[in-house]
Amino acid sequence: MEKRRAGHEIKILSNLLKRQLRAGEISECDQEITGMQGRILGYLCHNGDREIFQRDIEAEFLIRRSTATGILQLMERDGLIVRQPVARDARLKQLKLTRKAIAIHHKIEERIDRMEDRLIQGILEEEMAVFYRVVDRMKENMEE
């Protein structure tokens, strides 16, 4: 019997999760949202209490300026964000979500919650605590 490898199992699980998220995503949101756009929506939604600029997106997601520019331009074109000038410096453009984007984000979060419930179905709290300790240690190992 072939030895199981943690990295391989993690990759398979990741693929299954991505596949589940993509299934039905378009019909729920009335438009196609890329994974990165969804993560940016989440970041903007969860940090709505402070000013967010393009450079914050670049730093948070470790992406180049040109990549961020392209993604944000598409999001603006699709009515998901607006760029608003800041009073103290007109060169700065704060990123703000539209109502449409907030509604899409809530639908995506609901879908993620349902998927999470399905993922951990039948697993005891104690088992999940062990899982999180192991995952945290794996992440630490990879950062060293």
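**Patches and shape of a predicted chain**

Mentor: Helix H7 (residues 125-143) gives the nonpolar patch its largest share, three residues. Keep in mind that this is a predicted model.

Trainee: Which residues make the nonpolar surface patch?

Mentor: Ile10, Val130, Val134 and Met138 make this patch, and its area is about 310 Å². Val134 is found in helix H7.

Trainee: Why is Val134 called partly exposed?

Mentor: Its relative accessible area is 41%. Buried means under 20% and exposed means over 50%, with partly exposed in between. The 41% of Val134 lies between those cut-offs, so Val134 is partly exposed.

Trainee: Which residues form the positive surface patch?

Mentor: Lys11, Lys18, Arg19, Arg22 and Arg39 form the positive patch. Its largest share, four residues, comes from helix H1 (residues 6-22). Lys11 lies in that helix.

Trainee: How do you know whether Lys11 is exposed or partly exposed?

Mentor: Lys11 has a relative accessible area of 47%. Exposed would require over 50% and buried under 20%, so with 47% Lys11 is partly exposed.

Trainee: What is Ile12 counted as, and on what value?

Mentor: Ile12 is also found in helix H1. Its relative accessibility is 36%. That falls between 20% and 50%, so Ile12 counts as partly exposed.

Trainee: Where is the negative charge gathered on the surface?

Mentor: The negative patch consists of Glu109, Glu110, Asp113, Glu116 and Asp117. Asp117 lies in helix H6 (residues 99-119).

Trainee: What makes Asp117 count as exposed?

Mentor: The relative accessible area of Asp117 is 54%. The cut-off for exposed is over 50%, so Asp117 is exposed.

Trainee: Now the whole chain. Which pattern does the protein chain follow along the sequence?

Mentor: The pattern is α-α-α-α-α-β-β-α-α, with seven helices and two strands.

Trainee: How do you know how spread out the protein chain is?

Mentor: Its radius of gyration is 19 Å, whereas the globule rule gives 15 Å for 144 residues. The value is well over the rule, so the chain is more spread out than a compact globule. Along its principal axes, the C-alpha trace spans about 65 × 40 × 25 Å.

Trainee: What share of the 144 residues count as buried?

Mentor: The share is 28%.

Conventions: Residues are numbered from 1 along each chain as its sequence is written. This is a predicted model: local features need pLDDT of at least 70, side-chain atom pairs count only at pLDDT 80 or more; totals for chains, interfaces and linings use all residues. Side-chain values use heavy atoms; hydrogens and water are left out. Patches are made of residues with over 30% relative accessible area and no salt bridge: like charges are joined within 9 Å, nonpolar side chains (Val, Leu, Ile, Met, Phe, Trp, Tyr) within 5 Å. Accessible areas come from the Shrake-Rupley method with a 1.4 Å probe; for residues, only the protein chains shown count as cover. A salt bridge is a side-chain nitrogen of Lys or Arg within 4 Å of a carboxyl oxygen of Asp or Glu. Lys and Arg count as positive and Asp and Glu as negative; His and the chain ends are not counted. The place of a charge is taken as NZ of Lys, CZ of Arg, CG of Asp or CD of Glu. Buried means under 20% relative accessible area, exposed over 50%, partly exposed in between (1.4 Å probe, protein chains only). The radius of gyration is taken over C-alpha atoms; the globule rule is 2.2 Å times the number of residues to the power 0.38.
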